[in-house]
Amino acid sequence: MNKYDLIVIGAGNVGTFHAFHALSQGKSVLLIDKDSEPIEATVRNFGQVVPSGQALDTWFEYGRESLGIYKKIQAKFDITARQNGTYYFASDDEEMVLLEEARALFKIREYSSTLLSRKSCYERFPNLNSEYYKGGLFFPEEVSVEPRTMVHRVRQMLIQDFGLVFMNNTAVINCEIKNGICEVSTATNQKLFADKVAICNGHEFKILFPEIFNQSGMKICKLNMMQTYPLPEVKLNGNILSGLSIRRYDSFKSCNSYQHLQTPEWQKPYKEWGIHILFKQALNGSIIIGDSHEYADVDENAKLPLGIDMNINDLILKEAKRIMALPNWKIQNYWAGYYSQTADGGSYEYQIEDKIFISTGIGGKGMTTAAGYSRKRVSEIF
């Protein structure tokens, strides 16, 4: 069979959850990926599901909906989701005020959070350096997942329980509409057909509709991340975010005091490289640390450095060591992640007739919001 209700091109978080919602409607779905499995932003992140960091608009709601979807799937099929919550730790009085104001904003939205005193911060995380933090804000509903496992487990569930058809190592080189039917052509001259096509191509813009993406105004972002060796004697339950995260994340920009926030001199290199510090402990005890942000236009993405900039990583580690006391800081690997991002921080959507639907440019929000956002997008497709 090579005719489907929906063909999804791109098996990352956005594409996989497009398939999830279409299958939930009883549609037949073919999911295609050019690689053996997704290898880009979907698996090169922290695995933090943090609606608390999203702009307090539809993206927060997509994140909240995604939490529910993750938990519902986890109750039936292990996708590594665990509800350990999210912690933000303020390093100065300005950041602490933002936490207090943010708590009030989330209370209006009936989204649970708890302010933490210095004593509570220490009791929960003895590895925090006491001279770093003024206090914290805890979101108990939020979730951690294993980024290099989660999407594969979801896909496995969809194949096993919903009849998803998955084709990997399959590069799609053309997609067009003929006589009201979508025709998808692969690099091996295979023809596949569908009533509708969803293109969820991450930052791969050179193969399908390059002329559209060159006019999109999107940027490509490169992130530096790293991971320690396993530290079984350390227990970091939950997503841990720093004062630099409070200064960067969209939710805190809604606080009244944000417009008066000052940038200390020592933070200017961090702001230049878009560095904020996050920690997430994996199931094997290793700790993921990062990250930074470098940008290039869609048609100039080759200008992003090929290698890992160790000057940036040194800045990340310097601030990480100011926040956290670990038994050692031996790093087992460094990597770069890439994602596409729109100028307004939303998503890039493009529609060809009522048949081909492009959804990308979701930025660094994919792990948190893709499940909820994809439901909206599939409701537009069908």
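The model is predicted. The protein holds 10 helices and 19 strands. Of its 382 residues, 57% count as buried.

**Overall shape**
- The radius of gyration is 21 Å, which agrees with the value near 21 Å for a compact globule of 382 residues.
- Along the principal axes, the C-alpha trace spans about 65 × 45 × 40 Å.
- Among contacts with a separation of 6 or more, 77% join residues 24 or more positions apart.
- The accessible surface comes to about 15900 Å². Carbon and sulfur atoms account for 48% of that surface.

**Arginine 247**
- Arginine 247 sits in helix α7, which covers residues 243-248.
- Its relative accessibility is 10%. Arginine 247 therefore counts as buried, since the cut-off is under 20%.
- Neighbours within four places in sequence are left aside here. Beyond them, arginine 247 contacts Asp92, Glu94 and Glu95, among others.
- Further contacts of arginine 247 include Tyr258, Leu261, Gln262, Thr263, Pro264 and Gln267.

**Nonpolar surface patch**
- Ile308, Met310 and Tyr334 form a nonpolar patch on the surface.
- Together these residues have about 230 Å² of accessible area.
- Isoleucine 308 lies in the loop between β16 (294-297) and α9 (310-323).
- Isoleucine 308 has 31% relative accessibility, so it counts as partly exposed. That class runs between the buried limit of 20% and the exposed limit of 50%.

Key
Residues numbered from 1 in each chain as written. Predicted model: local features only at pLDDT ≥ 70, side-chain atom pairs only at ≥ 80, totals over all residues. Heavy atoms only, no water. Helix = DSSP H or I, 4+ residues; strand = E, 2+ residues; numbered from the N terminus. Buried < 20%, exposed > 50% of the residue type's maximum accessible area, 1.4 Å probe, protein only. Contact = heavy atoms within 4.5 Å. Patch = residues over 30% accessible without salt bridge, like charges linked within 9 Å, V, L, I, M, F, W, Y side chains within 5 Å. Areas by Shrake-Rupley, 256 points an atom, 1.4 Å probe, with all protein chains shown as cover. Salt bridge = Lys/Arg side-chain N within 4 Å of Asp/Glu carboxyl O. Rg over C-alpha atoms; globule rule 2.2 N^0.38 Å.
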